[in-house]
Amino acid sequence: NVHFNFADFTLSAWVKIPDFNACGSDGVAAGERVCAIGGRFSPIGSPLSGEVNDWYAFGYLLTVSNSGSPDGKFYAQVSVGNGPFMPLTTHIHLGTAIQNNHWHHIAAKFNSARYSGNNFGVLTVCVDGACSARDVNSADILGYSLLGTFQVGGLFEKDWTLRGEIDELFLCDYPLTNIEIYTHYIKYFRSDPALKVSLTPLKNNVNPGASIVLTGAANKDLDPEAFHWSIVSPPGWTLTDDMTMGTLNKPAVRLLPNILQAGIVYKFQLCCSTSTDPVETACGTTSVGVAGKLSVGKFTCETTHGHQVGHAYESIFALRVEGVQGVAPFRFQFSRQLVDGHLRDVNLPEEYPISGGYSSDAYHLGHLPAGPGPDHFLELYADVR
C-alpha cells in the first residue's frame with residue numbers, strides 16, 4: 001500500500017543515470033538538476049497538497065540531485081514534510097557521490113520513534129550499502145495526508161524527471177535495518193556469475209569491552225555448514241567458538257567482550273561455499289580498529305554549594321572522573337562506603353551505588369548522604385569501563 005497514513009517507510013531502487021543534465025530543473029537554482037526516483041510528494045506551493053501554502057510541502061521523495069550539494073556533485077537525497085506540522089526536511093547522503101552511467105543501489109527510510117523532545121525520528125539515506133542519518137524535528141505526528149499519488153521517475157507538478165533506468169523498486173511501510181538494506185544491495189550481483197562474499201563494514205575505535213558483531217552476505221545460496229570465520233591479521237590469532245556467543249559456523253557471529261586487545265587493528269575473513277553444483281568458494285574481509293586501553297587520570301569530589309537546613313549543613317557534590325583515555329561513551333558507576341573511623345561498616349554492602357550509566361565525561365552532580373556521627377565519613381569509588 002503506497003498510500004501510508006503513518007510516517008515510517010523504506011524506499012529503495014537500483015538507479016542508472018547516463019546524463020544528470022538531462023534531469024529536470026524546475027524550481028531549483030541555475031545549474032542544478034533533480035532526478036526523482038520515487039515517492040508520494042507534493043512540493044511547496046502545490047495545488048495538490050490539500051492546503052495551498054507556499055511554505056508547505058507534504059509527503060516523501062527520494063531523488064538524486066546536486067541541489068544543496070557542497071561541491072556540485074550529485075548525491076542521493078530524501079525529503080519529508082507534513083505541511084504546518086513539520087517543515088520540509090531533507091537529508092543528503094554525502095558519503096558517496098553518484099556516478100553517471102553507473103548502477104547504484106539507493107535507499108531511504110524514516111523511523112518515527114520519538115526519543116527526545118521534538119526529535120521525532122531519524123531520516124536515513126543509503127548508497128551501495130553505506131548509510132548516513134539525521135534527526136527530524138516535529139511538534140506533531142508526521143503523516144502523509146495529501147492528495148498526490150505515488151510516482152516513479154518524476155513528479156506531476158514539477159519537471160524533476162529522471163531520464164535513465166530504475167530497477168528493483170522496493171517500498172514498505174516500516175524502516176528496514178541498515179543490515180537489511182545492505183543485504184538488498186549485496187544480493188544484487190546477479191549479473192556476475194562468480195560467488196561474491198561481502199562483510200558489513202565495522203566502525204573503528206570500538207570499545208574493547210564491547211560485543212562486536214560480524215555479519216556476512218553473498219549473492220548466491222550458501223551451504224549452511226560451510227561458513228569459516230578467521231582472523232587474517234595480525235598473524236598468530238586463531239578465532240574459535242569459545243570466543244563467540246555461539247558458533248563460528250554461521251553467517252553472523254557475535255564476539256564476547258574483551259576478546260580483542262586494545263590498540264590493535266584486526267582483519268576478519270569469512271569464507272563460504274555455494275549449496276549447488278558446481279561448488280564455488282569465495283571469501284570476504286573487513287577490518288576493525290580497537291580503541292586504546294582505557295585509563296583514568298584522577299577522581300575528584302568537589303562541593304559545589306551548600307546551605308543550612310535546621311542544624312544540618314547540606315551540600316551538593318560534584319563527582320568527576322578526569323583524564324579518561326579511550327572512546328566514549330563510557331560505562332561508569334559511582335558508589336560509596338560508609339566508614340566509622342577507619343573501620344568499614346559491616347552492616348552495609350561493600351559498595352552502595354550512587355549513580356551510574358553511560359556518559360562521555362563520567363560526571364555526577366547531587367547530594368551525598370551524611371554519616372550518622374562526626375566520626376563517620378564516606379569512601380567514594382568510581383568504576384569506568
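The largest nonpolar core has 28 residues, of which Ile17, Ile37, Val64 and Ile106 touch the most other members. A nonpolar core here is a set of buried Ala, Val, Leu, Ile, Met, Phe, Trp, Tyr and Cys residues joined through side-chain atoms within 4.5 Å, where buried means under 20% relative accessible area with a 1.4 Å probe and protein chains only. Strands S1 (9-16), S2 (34-42), S3 (58-65), S4 (75-82), S6 (104-111) and S7 (119-127) each give two or more residues to this core; strands are DSSP runs of E, at least two residues long, numbered from the N terminus. Apart from this core lies another, of 23 residues, including Val197, Leu199, Leu239 and Leu270.

This is a predicted model, in which local features need pLDDT of at least 70 and side-chain atom pairs count only at pLDDT 80 or more, while totals for chains, interfaces and linings use all residues. Residues are numbered from 1 along each chain as its sequence is written, and side-chain values use heavy atoms, with hydrogens and water left out.

Ile106 is in contact (heavy atoms within 4.5 Å) with Leu11, Ser12, Ala13, Val15, Ile37, Leu62, Val64, Ala76, Ile98 and Cys126, leaving aside neighbours within four places in sequence.

Strand pairing, which requires at least two DSSP bridges between two strands, places S15 (residues 265-273) antiparallel to S13 (residues 228-233) through five bridges. S15 also runs antiparallel to S16 (residues 281-289), to which nine bridges join it. Cys271 of S15 is the bridge partner of His228, and Cys271 also stands opposite Cys283 in S16.

How values were computed: Helices (H or I, at least four residues) and strands (E, at least two) are DSSP runs, numbered from the N terminus. Buried means under 20% relative accessible area, exposed over 50%, partly exposed in between (1.4 Å probe, protein chains only).
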